[in-house]
Amino acid sequence: MAYETVIGLEVHTELKTHSKIFCGCSTQFGSEQNTNVCPVCLGLPGVLPVVNEKVIEYAVRAGLALNCEILPFSKFDRKNYYYPDLPKNFQTSQQDLPIALKGHLDIEVNGVKKRIGITRIHMEEDAGKLVHAGNSITDSDYALVDYNRTGVPLLEIVSEPDLRSPEEAKAYLEKLKSILEYIDVSDCKMEEGSLRCDANISLRPVGASEFGTKAELKNVNSFRSVQRGLEYEELRQAELLDDGGKVIQETRSWDEARGITVSMRSKEQAHDYRFFPEPDLVPIMVAKEFVDSVRDSLPELPDARQKRLSEQCGLSEYDAGVITASRAMADYFDAVVAEGADAKTAANWLMGEVSKHLNNENVSVADCPVKPLALAHMLQLIDKGTISGKIAKTVFEEMWASGKDPEMIVKEKGLVQISDVSEIVAIVDAVIAANPQSVEDYKAGKQKAIGFLVGQIMKQTKGRANPEMVNKLLVERLG
Amino acid sequence: MDLHQQTIEALHAALSNKQISAEELTQDVLKRIDAVEASVKAYLTLTPEIALEQARAVDAKIKRGDAISPLAGIPGAIKDNICTKGTRTSCASKILDKFVPPYDATVIEKLAAQDAVMVGKANMDEFAMGGSTENSGYHPTHNPWDLAAVPGGSSGGSAAAVAAGEAVWALGSDTGGSIRQPAAYCGTVGLKPTYGRVSRYGLVAYASSLDQIGPITRTVTDSALVMNAICGYDAKDSTSIAADCPDYTKALTRDIKGLKIGLPKEYFVSGMDADVEKAIYQAIDQLVALGAEYKEVSMPHTQYALSAYYMIAPAEASSNLARYDGVSYGYRGEGNDIVSMYKTTRSEAFGDEVKRRIMLGTYALSSGYYDAYYLRALKVRSLVKRDFDRAFADVDVLVTPTAPTTAFKLGEKSSDPLAMYLQDVCTIPVNLAGVPAISLPCGFAGGMPVGMQIIGKPLGEETILRAAYAYEQEHDFAARRAPLGEGK
């Protein structure tokens with residue numbers, strides 16, 4: 001039978017506040033175990049939480065960037081469950097009145113654009129981390145708890161079940177990450193757990209309106225894992241249904257190494273969280289003026305920026321999309337253009353050489369050793385004809401390695417392009433004279449022969465001859 | 001009279017005049033503790049070294065000629081659910097048997113700023129759940145007026161310590177009457193401030209939306225003095241009220257002419273001890289004689305308040321007490337895995353009353369029952385609050401008995417939780433509404449003290465203190481002392 005896949009995502013993102021959500025402890029990642037803790041985040045007897053106002057501001061920021069309605073009156077609730085890394089055995093979260101509701105974001109998969117609904121965004125505290133002795137949870141004699149992460153502020157962003165394929169889920173996640181980075185509320189590092197995703201997936205016969213029974217996929221810690229895990233679930237559920245079986249509602253975990261999902265707990269074992277209003281915190285009132293001021297402070301978001309780059313800079317929609325997917329890349333691009341470089345050339349270089357180097361060396365755009373001003377200078381050298389595009393790659397290598405100014409490199413290494421006609425003519429003539437066979441071949445109609453001659457000229461000039469002039473003169477001479 | 005039987009007011013004057021030293025006063029109280037603690041058992045932990053050190057620091061100030069604050073050098077008892085840095089804070093529970101907080105509650109910081117002296121941590125019903133101090137995980141406390149009677153609860157240790165001369169003042173906490181009811185049973189003055197008036201930071205939570213710290217003292221003036229020390233906004237408590245505190249002693253003028261008193265008819269119910277009722281009516285007559293006017297008012301939802309309380313308080317408690325699991329502090333039971341460790345820890349270290357309320361609260365919050373129980377209780381709470389709003393549109397204060405009877409005998413009600421719960425029937429609505437109320441002695445019945453409750457509007461502490469003070473000045477109830485150790 002043909003099935004339609006229905007996916008909804010719950011994304012947890014750690015906010016980049018300096019202090020925790022209910023106390024003043026540092027949120028620094030990688031600190032020594034149990035050093036960023038105080039009586040409040042340890043939930044010691046008698047302590048009380050006080051909300052970090054920055055968290056509310058960031059939540060409103062995310063809500064607005066995701067086109068949500070910000071509730072003027074929301075509140076915190078307690079979610080009760082026992083787990084040794086949760087010091088109070090309840091998590092302070094939001095249940096029926098979250099800070100933001102009913103938003104959306106737009107994705108594009110294979111050239112098709114689609115709007116995905118955001119159900120809600122709510123604030124909550126993170127739990128600590130268990131460190132098990134031994135190799136695995138099952139055979140460990142004991143576990144130790146690191147409470148450093150306890151109380152780190154999180155936003156949970158819940159999507160509508162609008163996603164129809166693992167590919168769309170991945171595109172949604174990438175777009176969400178991009179937006180969160182743009183508005184600077186999270187560093188979105190999946191490897192540090194600051195962006196985490198749970199996915200709900202179900203299948204239904206094509207054309208059906210009822211949802212099928214869903215499975216919840218936990219522990220997916222990369223975009224690739226999300227897509228792979230969902231693809232696996234699509235197949236597993238389809239096979240199950242085809243065999244006349246039933247999907248059971250359960251939580252499954254993605255085993256990256258084995259490439260499969262495994263059952264964690266069924267609906268019967270699911271927690272009853274016994275939510276109720278957190279009595280130690282007063283309701284959150286967000287004034288309209290505050291929302292307006294946060295809205296005014298939002299930067300240009302990816303979609304708007306893509307539009308601007310394609311309209312104002314003449315980039316293709318695709319190129320503009322690639323450049324604006326990351327705020328750092330888009331900022332770099334804008335800086336290069338602001339320094340006077342041609343927009344299209346700049347875009348090509350960013351997507352080409354620059355990205356290649358960044359990926360190879362695993363460096364982020366923000367830490368790129370070639371600064372926008374230097375790259376702009378280099379691009380201008382190409383424009384002026386001082387160096388050829390090919391030489392430019394050599395210059396760029398040197399800029400990357402030494403951080404030197406491109407003009408300096410060109411001078412030092414004698415890489416200035418030869419654009420003097422008389423100089424080039426002399427070499428062209430000499431090469432023609434030295435290769436009669438090729439000349440003959442060319443005259444006999446073998447176009448390939450000219451390539452050989454160009455190569456010889458470039459070799460003699462160490463690539464410095466202006467390629468356009470070489471071509472033009474060669475054709476004239478062979479006339 | 002002995003130093004340990006004096007008021008804060010009198011002792012402050014004596015210290016300021018250098019008639020006595022703080023060390024001498026503290027020694028006197030410690031000596032009294034030596035003499036009577038074995039029969040009263042008001043304390044869980046005594047801190048004589050801390051007390052003497054604090055007293056000597058005050059003496060050094062006096063010697064230098066520095067002015068001292070009203071509580072400076074005056075020994076007091078702190079209920080054992082208020083965190084004291086470096087001093088065991090057990091909440092009278094085995095589960096926190098060895099718990100030593102690494103921080104002070106805000107009220108403790110404030111008292112330290114006043115140079116008050118702490119002689120010890122007072123006994124209580126475990127986690128403040130109970131009305132007799134028989135639910136302490138360690139030992140019951142005895143009522144100094146009759147050692148066979150309970151001191152009330154849950155701040156029974158605090159009230160008994162003051163009544164027995166083992167402390168000049170005490171701090172208690174009041175979730176459903178836990179300051180006022182023991183104050184009434186022990187013939188002392190107990191004040192539950194407006195919710196949010198005193199910081200709860202460092203008060204080990206029983207039911208967060210109802211808990212409030214307040215003073216237990218011998219006189220209304222002393223109550224005002226302790227309030228002056230502990231009142232105020234605290235950035236560490238989100239529910240605390242951002243308003244300045246007045247000097248409460250300024251409200252004690254004896255002038256209550258024109259004060260409008262409301263008598264809520266629902267509080268004068270059948271089952272009330274006839275002598276208690278008589279004492280209250282006499283007290284009301286006295287207030288009227290002083291110039292107050294009274295009228296009967298109706299608070300129709302009072303009858304549902306007790307039920308609502310026994311949904312809301314256990315629900316919050318079930319969550320607040322979830323942290324006592326043996327993982328990072330306190331008692332830890334044996335277990336082969338984490339779940340069995342949780343189970344043995346909580347089964348072995350919590351007492352019956354605590355378990356009863358945890359189960360009640362867990363049930364009330366569970367899915368499918370939330371709407372029928374917890375949510376409905378919240379609605380009743382709103383109605384109870386509205387009763388108070390309506391009543392206070394017409395009157396300045398409400399006067400009721402604090403408890404329907406005087407102190408009952410130890411063991412008398414301990415096998416019948418429902419009978420015990422009824423002792424708080426007059427005090428509970430006040431916590432649901434978050435308003436302030438004071439209990440003060442208004443006579444004796446069968447040799448045991450009777451308490452009168454005066455309830456005020458939100459932030460109306462000055463008015464109830466003023467009314468209480470005017471009444472107190474007409475009697476010698478505040479000067480009477482439990483006969484303990486005087487030939488009984």
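User: Which residue forms a salt bridge with B:Arg200?
Analyst: That's A:Asp280, and the closest N and O atoms are 3.0 Å apart. Keep in mind that this is a predicted model.

User: And how many salt bridges are there between chain B and chain A?
Analyst: The count is one. There are also 15 residue pairs in polar contact between the two chains.

User: Which helix gives the largest share of chain B's side of that contact?
Analyst: H9(B) does, with four residues. Helices H10 (338-349) and H11 (352-365) of chain B also give two or more residues each. By class, chain B's side has 20 nonpolar, 11 polar and seven charged residues.

User: OK, how much area do the chains bury between them?
Analyst: About 2600 Å², with 58% of it on carbon and sulfur atoms. On chain B's part, B:Ser238, B:Ser319 and B:Arg323 supply 22% of the area buried against chain A, more than any other three residues.

User: New topic: what kind of peptide bond joins B:Gly153 and B:Ser154?
Analyst: A cis one, with omega at about 5°. B:Ser154 sits in the loop between strand E3 (117-122) and helix H5 (156-163) of chain B. Most peptide bonds are trans.

User: What about B:Arg254, what's its phi?
Analyst: Near 75°, a positive value in a residue that isn't glycine. B:Arg254 lies in the loop between helix H7 (220-230) and strand E7 (260-264) of chain B.

User: Where is A:Asp184 found?
Analyst: In the loop between helix H2 (166-182) and strand E11 (195-205) of chain A. A:Asp184 has a positive phi too, about 65°, and is partly exposed, with a relative accessible area of 38%.

Terms used. Residues numbered from 1 in each chain as written. Chains lettered and ligands numbered in written order. Predicted model: local features only at pLDDT ≥ 70, side-chain atom pairs only at ≥ 80, totals over all residues. Heavy atoms only, no water. Buried area = accessible area lost by both parts, 1.4 Å probe. Salt bridge = Lys/Arg side-chain N within 4 Å of Asp/Glu carboxyl O. Polar contact = N/O pair within 3.5 Å; in protein donor to acceptor, adjacent residues only side chain to side chain. Nonpolar A, V, L, I, M, F, W, Y, C, P; charged D, E, K, R; others polar. Buried < 20%, exposed > 50% of the residue type's maximum accessible area, 1.4 Å probe, protein only.
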